[in-house]
Amino acid sequence: MNTNDAIIKPTLREWLLSDRPQSRRQARLGRLYVIWSRFAENRLAVAGLLILFGLLFVAAFADVLAPHSPVQGDLRGARLLPPGSAGYLLGTDDQGRDILSRLIYGSRLTLFVVVLVAVIAAPVGLLVGTISGYAGGFVDGVLMRITDIFLAFPKLVLALALVSALGPGIENAVLAIAITSWPPYARIARAETMTFRNSDYISAVRLMGASPARIVTLHIMPLCLSSLIVRVTLDMAGIILTAAGLGFLGLGAQPPLPEWGAMIASGRRFILDQWWVAAMPGAAILIVSLGFNLLGDGLRDALDPREAGQ
């Protein structure tokens, strides 16, 4: 390779940041690089991402990381031991079970709730919002009034009513939380759709003969994804707290499952003397909720196109 070729050939960063991409792949990779660069500048957002990765790691390798069984305890010799006791880093509960092991296995239940609620609620809200915003008129009025009905009730109160009707259990709790979580996503998708539906880009697609269903699914929905991803990430903390609240009231995961909210409920009787029984799962909920909030704030700043010019 001669000197001229080395000078002419762009570096990887220059190739990604080129204002004249030669292919769609280059354009997409360049946009992802810009988004990651903005995100990485926010140290708190990176900390939130590390907390999320830590949660995923703990949930994936719970069988290896947990030193004891999460459901079997030692009532005779290990009941209500304080943190730092031999073999029990975070102490034990009233059943002689290792709190650290229960927290590790409880991370799986937390991820189960978060992922399922996001998978159910986000697509429903996106579909309702885009159809409402694009169709307008009578369809818009009907769908938005249904959305307003769900928004009129506090999320936790409505979830409690639904779980009470369906029966206690982690699956019914997930379904109840998902049913109460989709309306804000529908509102965001509708607002984004009303911004895009009269744009020149959508008008050109419409003139080319694309059907309304094709326009909504292939052209409008992808434009709404960035705002929806940010809102879903920010809502993860609220979903975790709602699931913990249902577990605290005995309507979520049932004993002996190591759900963090249920662990707090069983430890509230010992809050004055054996504080660690309720404090440890409470700290776990705090850390994970904080991580999702920090991650959501970072994604909001990174995906906001107005931040690019600042």
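The legends below describe close-up views of a predicted model.

**View 1. Helix α6 crossing helix α13.** In this predicted model, helix α6, residues 99-135, and helix α13, residues 276-303, have axes that come within 11 Å and cross at roughly 40°. Because of that angle, α6 counts as oblique to α13. The crossing in which α6 passes α13 is right-handed.

**View 2. The residues between α6 and α13.** On the side of α6, the contact is made by I99, L103 and V114, and on the side of α13 by W276, V277, M280, P281, A284 and F292. Sorted by class, this contact of α6 with α13 has nine nonpolar residues, with no polar and no charged residues.

**View 3. Helix α6 and helix α7.** The axes of α6 and helix α7, residues 137-151, come within 7 Å and cross at roughly 145°, and the crossing of these two helices is left-handed. From α6, the residues V128, I131, S132 and A135 make the contact, while α7 contributes G137, V139, D140, L143, M144 and T147. By class, the contact of α6 with α7 has six nonpolar, three polar and one charged residues.

**View 4. Two stretches annotated in UniProt.** The unreviewed UniProt entry places the feature "transmembrane region" at several stretches, including residues 156-183 and residues 236-254. Over residues 156-183 the chain is 89% helix and 0% strand, and the C-alpha atoms at the ends of this stretch lie 14 Å apart. Over residues 236-254 the chain is 68% helix and 0% strand, with the end C-alpha atoms 22 Å apart.

How values were computed. Residues are numbered from 1 along each chain as its sequence is written. This is a predicted model: local features need pLDDT of at least 70, side-chain atom pairs count only at pLDDT 80 or more; totals for chains, interfaces and linings use all residues. Side-chain values use heavy atoms; hydrogens and water are left out. Axes are lines fitted to C-alpha atoms, for helices over the stretch in contact, and angles run from 0 to 180 degrees between N-to-C directions. Helices (H or I, at least four residues) and strands (E, at least two) are DSSP runs, numbered from the N terminus. Angles under 35 degrees count as roughly parallel, over 145 as roughly antiparallel, 65 to 115 as roughly perpendicular and the rest as oblique. A crossing is left-handed if the near helix is turned anticlockwise from the far one by less than a right angle, and right-handed if clockwise. Contact means heavy atoms within 4.5 Å. Ala, Val, Leu, Ile, Met, Phe, Trp, Tyr, Cys and Pro count as nonpolar, Asp, Glu, Lys and Arg as charged, and the others, Gly among them, as polar. UniProt positions are given in the numbering used here, feature names are shortened, and annotations may be inferred rather than shown by experiment.
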